[in-house]
Amino acid sequence: MQQYTDQLVESIRQRLAVGDKRAREDCATLIKAAPDVGVMLLAVVEERLGDFDAARQAAQKVEEHQLQTAMELYSSARCFQAMHALMEVGARRQKIPLAWAQSLWGVGRYEQSYAAFEAEATRSSSSAEAVARFAQSAIMLGRGELALPVIDQRVEQHSGCALQGGLIWYDQDQERSAYCFRRARALEPGIWQALIGEAACQPKEQRLDRLQALAGQLPEGDRAAAMLAGHMYAAEHQAPFIGQSPLVLKAGLDSASTDGLVLECGVYFGRTLNLMAQWGVEAAHGFDCFEGLPADWNGQEASGAYSTGGYLPVVSESVQLHRGLFEHTLQGFADEHQQSQIRLLHVDCDLYTSATEVLKAFGPMLQSGSIVVHDDYCGYPGWQGDEFRAWQEFTGDAGVAYDYLGFGLLGREAAVRVRSVQS
Ligand SMILES: C[S@@+](CC[C@H](N)C(=O)[O-])C[C@H]1O[C@@H](n2cnc3c(N)ncnc32)[C@H](O)[C@@H]1O
């Protein structure tokens, strides 16, 4: 099936290049075989063939019905190819700017995507949704404060903006953050994340009680219960929350008190690796097969998710990439660097089995003062069985004592500092 849809995408591309109207027929066939990709391409096809009304209708349809699905599909190889086709044809830029910005994000062009979101959010007639999406992209690039001027103008009217505002303000002014979370709930009572965010704005000693009291107020379902359980775990360990999730990684870096290697296991398009370079890390190593998760991830993502289609991402000069499955790359690297210790280890590989491989190879290089940042540590359905479990087992077996430095407020991240290792 994938080969068939790839052929159709290629045929559309070739036909469009010469203005051949049969691209429309290919598109209709593609919509039957792969609706998500097909509908997205239809907007481009119509525009290229000069039917702007049809293009606008198709574009609207994409905006309304397909964007969410497309976002979920981004990490699959098929969508990656489709996104590249889209980018080559390029016409979405004017017609459906938010989808265009999201497409850029989906293929790892983070800076271009950010610029596209920013352009859309700062237009005089921008929508609140565009502002909320801009804030999200700014947060994911660790610069949420740059979105505050536009976010603050929408907090009173739009729940999504209020929620993003709550996250960004959290690290600077928790009273303002709590106000944003309350506002989000007033505008949309179903936003249970805002309830949890507001509880996290309480003084540390009152947080646990406040979170416990939420149990009856949250909607039924795994996500809310899992996030509450993750927050209770974090509150029990008295570590601070951090509003913008990538800043958990930054807090780890800022707290590192030993020299040594900076390693990331799980690179994908290099977003967090490049962030570390921007934050001053002079040399870092990134490990990834670049073919996505090697197995299904407990109902969250299918095997192959987060594939770059085998492409190596563009990374800063200070970063060295090591391509391959962890079982083939990590131990050799650890053996070559036996004398080194770890300054910071970023574990962002989602699966229990992958995190276990990481800790088997690099765990023995941790020293007192080393930092480990886990990207998917707690607060989502099944969290106790993934990176969290791998870390608990490793530290228990190896006699490693550690302290929590911070947890992502509405995310899943946790940063720890190793206190001592058994000699
Ligand atoms: C969630 S992504 C990493 C995201 C990235 N740090 C970022 O900030 O955008 C997880 C990555 O782990 C990689 N991965 C997971 N298990 C792996 C394994 N056993 N060997 C190699 N790569 C693996 C996948 O290929 C994928 O790129």
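This briefing describes the ligand site, the nonpolar cores and a selection of individual residues in the structure above. The model is predicted, and every value below is computed from it. The largest nonpolar core has 99 residues, and another core, of 19 residues, lies apart from it.

**Ligand site**

- A nitrogen atom of the ligand is 2.7 Å from an N or O atom in the side chain of Asp348.

**Nonpolar cores**

- Within the largest nonpolar core, which has 99 residues, those with the most contacts inside it are Leu345, Phe362, Tyr377 and Phe407.
- Phe362, when its neighbours within four places in sequence are left aside, is in contact with Leu263, Cys265, Phe287, Leu330, Phe333, Ala334, Ile342 and Leu345.
- The core that lies apart from this one has 19 residues, and Leu253, Ala256, Val267 and Val373 are among them.
- As general background, nonpolar side chains tend to be buried together in soluble globular proteins.

**Residues with positive phi**

- Tyr306, although it is not a glycine, has a positive phi of about 70°, and this residue is found in the loop between strand S3 (284–288) and strand S4 (319–323).
- Tyr306 counts as partly exposed because its relative accessibility is 26%, a value that falls between the 20% limit for buried and the 50% limit for exposed.
- Asp350 is likewise not a glycine and has a positive phi of about 70°; its place is in the loop between strand S5 (342–347) and helix H19 (352–362).
- Asp350 has a relative accessible area of 4% and is therefore buried.
- For context, most residues other than glycine have a negative phi.

- Helix H7, which spans residues 97–106, is mostly covered, since nine of its 10 residues are buried.
- The buried residues of H7 include Leu98, Trp100, Leu104 and Trp105, and they also include Gln102, Ser103 and Gly106.
- Gly108, which follows H7, has a positive phi near 80°.
- Ser159 is found in helix H11, which covers residues 159–170, and at 11% relative accessibility Ser159 counts as buried.
- Not counting residues up to four places away in sequence, Ser159 touches Ala184, Leu187, Glu188 and Ile191.

**Charged residues in loops**

- Asp20 is found in the loop between helix H1 (2–17) and helix H2 (22–33), where its relative accessible area of 19% makes it buried, because the limit for that class is under 20%.
- The side chains of Asp20 and Arg22 are joined by a polar contact of 2.8 Å, and, leaving aside its neighbours within four places in sequence, Asp20 is in contact with Arg15 and Leu49.
- Glu145 is found in the loop between helix H9 (128–140) and helix H10 (148–152), and at 37% relative accessibility Glu145 counts as partly exposed.
- Leaving aside its neighbours within four places in sequence, Glu145 is in contact with Ile168, Gln172 and Gln244, while Glu145 and Leu30, which are 115 residues apart in sequence, have a C-alpha to C-alpha separation of 42 Å.
- Glu317 has its place in the loop between S3 and S4, and with a relative accessible area of 85% Glu317 is exposed.
- Glu317 and Leu344 are 27 residues apart along the chain, and their C-alpha atoms are separated by 19 Å.

How values were computed. Residues numbered from 1 in each chain as written. Heavy atoms only, no water. Polar contact = N/O pair within 3.5 Å; in protein donor to acceptor, adjacent residues only side chain to side chain. Helix = DSSP H or I, 4+ residues; strand = E, 2+ residues; numbered from the N terminus. Buried < 20%, exposed > 50% of the residue type's maximum accessible area, 1.4 Å probe, protein only. Contact = heavy atoms within 4.5 Å. Core = buried A, V, L, I, M, F, W, Y, C linked by side-chain atoms within 4.5 Å.
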